[in-house]
Amino acid sequence: MEKIKKDYGIILKILERGPIAKRKITPEKRLEKLLVELEYELKNTSKIKDKKISDFKIEIQHIVPPITSDYSGACSVLYGENILKILISPNGCKTPVAYDEIRNIDYSLQYCTSLNELEIVTGEIKGLKENIEEIISQNPKIEIIAIISTVVPQIIGMDLESIVENIEEALDIPCVFINTNSFENYYSGISLTLNSLANKFMVENKKIKNTVNIIGYSPLTFGKIEKLEELFSLIKSLDLNILTVFSDNLSLEKIKNSTSAELNLVLSYEGLALAKYMEKEFSIPYIIINVVSKYGIENTENILKNIFIK
């Protein structure tokens, strides 16, 4: 905060909130104290000099946290009834930690811990395995458990990888650790999760003729999956088959079968890392396509014809 004030002439204050902060000082007293400090600092802080506004914006944008964080991107990738998402976090003020999702979350499985002060200090989560077992007993379709980190586990250095290993061994269900930290953006969370799934579950398969995967779909970029119907229709009209859409209702089978594809179609930057990984590990080439315009669809059609129709 002092560096921002010194370098840019911007006064930055943090207004703490929540039950722990209220134990120290009431919100009214805290706000009163903050206003007094602001009044003093306004009189004693130099203004920005000899600096273009455009340069100023470029420099400070990296300091401001994203509106939608990386764990929301992770949850987007894991949407569906076959994957149980476990967000490791304290509660919010009144509810569990939420994430941004435009699709109906009733068709997806998620559980958020309610870390208390003792669990945060010790790094142990009481009753986590039992709670997961109860969820599994009510949802027999679960094939994968994803343990997703948030800001508090990252700050305190909680050993979530060991927790993942213990749960996987105890429940005999594949578990994957998604190492998000809540400070990166939605799209980096998508990329990280796709690569985590690939490293954990992808295996070499025999290639299936005239098959493709779609990589890089996310609802906050493209809207609901129905928005890609024109692309799906185009692929079908060329007698091609889609093995897996990353990511829409993923399953263990879809992830494993994806390495049988002859080609990956990349829709967005966040899908690029997975496409490069699959090219290196499984010799599946990729192309980057544009599906948000008539020109983009026509260009995609021409590319696919050149590749598949000899």
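Predicted model: local features only at pLDDT ≥ 70, side-chain atom pairs only at ≥ 80, totals over all residues.
Colleague: Why are α5 and α10 called oblique to each other?

Modeller: The axes of α5 (residues 70-77) and α10 (residues 186-201) cross at roughly 50° and come within 6 Å. Axes are lines fitted to C-alpha atoms, for helices over the stretch in contact, and angles run from 0 to 180 degrees between N-to-C directions. Under 35 degrees is roughly parallel, over 145 roughly antiparallel, 65 to 115 roughly perpendicular, and the rest oblique. The pair is therefore oblique. Helices are DSSP runs of H or I with at least four residues, strands are E runs of at least two, and both are numbered from the N terminus.

Colleague: What is the handedness of the crossing of α5 with α10?

Modeller: Right-handed. That term applies if the near helix is turned clockwise from the far one by less than a right angle; anticlockwise is left-handed.

Colleague: Which residues of α5 and α10 meet?

Modeller: From α5, the residues include Asp-70, Gly-73 and Val-77; from α10, they include Tyr-186, Ile-190 and Leu-197. Contact means heavy atoms within 4.5 Å. By class, this contact has six nonpolar, six polar and one charged residues. Ala, Val, Leu, Ile, Met, Phe, Trp, Tyr, Cys and Pro count as nonpolar, Asp, Glu, Lys and Arg as charged, and the others, Gly among them, as polar.

Colleague: What makes β2 and β4 edge strands?

Modeller: The open sheet has the order β2-β1-β3-β4, with parallel pairing. β2 (109-112) and β4 (175-178) each have a single partner strand, so one side of each is left without a neighbour in the sheet. The twist averages 20° from one strand to the next.

Colleague: How do you know that β1 and β3 pair?

Modeller: Pairing takes at least two DSSP bridges. β1 (residues 83-88) and β3 (residues 144-149) share six bridges, in the parallel sense. In one of them, Ile-83 partners Ile-144 of β3.

Colleague: Which strands does α9 lie across?

Modeller: α9 (residues 160-171) lies across β1, β3 and β4, at about 165° to β4. α10 lies across β3 and β4, at about 150° to β4.

Colleague: What is the strand order of the sheet that holds β5?

Modeller: β6-β5-β7-β8, open and parallel. β6 (241-246) and β8 (286-288) are the edges, each pairing on one side only. Five bridges join β5 (residues 211-215) to β6. Val-212 stands opposite Ile-242, and Ile-214 opposite Val-245. Four bridges join β5 to β7, where Ile-215 has Val-266 as its partner.

Colleague: What makes β5 mostly covered?

Modeller: Five of its five residues are buried. Buried means under 20% relative accessible area, exposed over 50%, partly exposed in between (1.4 Å probe, protein chains only). Thr-211, Asn-213 and Ile-215 point one way, Val-212 and Ile-214 the other way.

Technical notes:
Residues numbered from 1 in each chain as written. Heavy atoms only, no water.
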